[in-house]
Amino acid sequence: MRERHHFDGQLLVTQLREWAHGLGFSQIGVAGVDLGVAETGLRDWLAEGFHGSMHYMQRHGAKRARPAELVPGTLSVITARMDYLPRATDPGWQAAEWQRLRSPQLATVSMYARGRDYHKVLRNRLQALADRLAQEVGPLGARVFTDSAPVLEVELAARSGIGWRGKHTLALQRDAGSMFFLGEIFVDLDLPATPPVSEHCGSCSACIDICPTRAIVAPYKLDARRCISYLTIEHDGPIPEALRPLLGNRIYGCDDCQLVCPWNKYAKVSTLPDFDARAPLDSATLLQLWAWDEAEFLRRAEGSAIRRIGHARWQRNLAVALGNALRAAPDAAIEQALRARLADAGELLAEHIHWALDQINT
Ligand code: SF4
Ligand code: SF4
């Protein structure tokens, strides 16, 4: 059996940083495996039912806060972040996004989802980093995660200095804002932890005030059942009627609490072409996307995170946004397109189409 080489922990973290940069990561950190305090917060959040129908969050229970139970043998967690703004992003990108949100006939897809599916990009690159590490130290137990339900990503990121937890509950960094993905490598190596950074939300509450659905019920506390990201991506059933008008033209995710955050003027563009926005996701009208049948949806969304929600949820979201456009101004083309889909719509979609058509009179 091959033996593990002797290694200097500090030096190894420095090397990891260099390899990570070469792979497109902007920063890495190291967290220990004791997340004791976070466990209490997680329990309270679940007890209040804020996870909605994301039952998998409950299923993993305390394991989420105990990396060594989730992956036995884990001694450290290497944390990583990767900036995702498309390379062609203009300096005034926030203004352009607000303008899109004020244009009821346009579709708004969350910025992180306009390019290649980040799960694949990050997983492959985290695995490459783990492989490089194994070359250096010899036999290594390593498991990579990104956006994975059993892992308390933001907590691990905050503990290891990748950012602080903003009042909108996302990780935030002074020189990078929050427009980045997180990933982790659980390793059976005892590495020196990197220190947390101080918090800089101060007295700001812009994210709480701007949230269209008041989903941030208190600083650092998100009621996922009200969050547009959850409703348009994770949630399977009907969108609660009271919240539909508040979705506006957001058909996949929501960026408002990040758009308004003052730290995002320092958000960085990605070094990778993977996150370049794919046409027409950065400029489409609702009607253009409504015209996609299932085959076209699957073809166009190939390799994109959007494909994960499936055509049924995609259409449900579009029907709500089209209803909101009709409420803003009568539009014969939208009305006709909605009616044309009624004949072959399933129960869920038909109900949303009827709601959308009713918006003409409100
Ligand atoms: S993503 Fe949108 S809906 Fe969710 S908390 Fe942020 S602003 Fe509110
Ligand atoms: S908008 Fe303000 S309160 Fe919210 S995360 Fe940014 S700095 Fe913190």
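**Close-up views of a predicted model**

**View 1. The shell around ligand 2 in this predicted model.** Ligand 2 is surrounded by G166, K167, H168, L172, C201, C204, A206, C207, C261, P262 and W263. Sort these residues by class. Eight are nonpolar, two are polar and one is charged.

**View 2. The shell around ligand 1.** By class, the shell around ligand 1 holds eight nonpolar residues, two polar and one charged.

**View 3. An open sheet of four strands.** The strands run in the order β1-β2-β7-β4. Their pairing is antiparallel. β1 (27-31) and β4 (142-146) each have a single partner strand, so they stand at the edges, and one side of each has no neighbour in the sheet. From one strand to the next, the twist averages 20 degrees.

**View 4. Strands β2 and β7 side by side.** Strand β2 covers residues 76-83, and strand β7 covers residues 180-187. How many bridges join this antiparallel pair? There are eight. Follow one of them: S76 has V187 in β7 as its bridge partner.

**View 5. Helices α1 and α6 against the strands.** Helix α6 (residues 118-137) packs on the sheet. It touches β2, β4 and β7. The direction of α6 makes about 40 degrees with that of β7. Helix α1 (residues 9-22) lies across β1 and β2. Helix α1 runs at about 145 degrees to β1.

Definitions and conventions. Residues numbered from 1 in each chain as written. Chains lettered and ligands numbered in written order. Predicted model: local features only at pLDDT ≥ 70, side-chain atom pairs only at ≥ 80, totals over all residues. Heavy atoms only, no water. Near = heavy atom within 4 Å. Nonpolar A, V, L, I, M, F, W, Y, C, P; charged D, E, K, R; others polar. Pairing = 2+ DSSP bridges. Helix = DSSP H or I, 4+ residues; strand = E, 2+ residues; numbered from the N terminus. Axes fitted to C-alpha atoms, helices over the stretch in contact; angles between N-to-C directions. Contact = heavy atoms within 4.5 Å.
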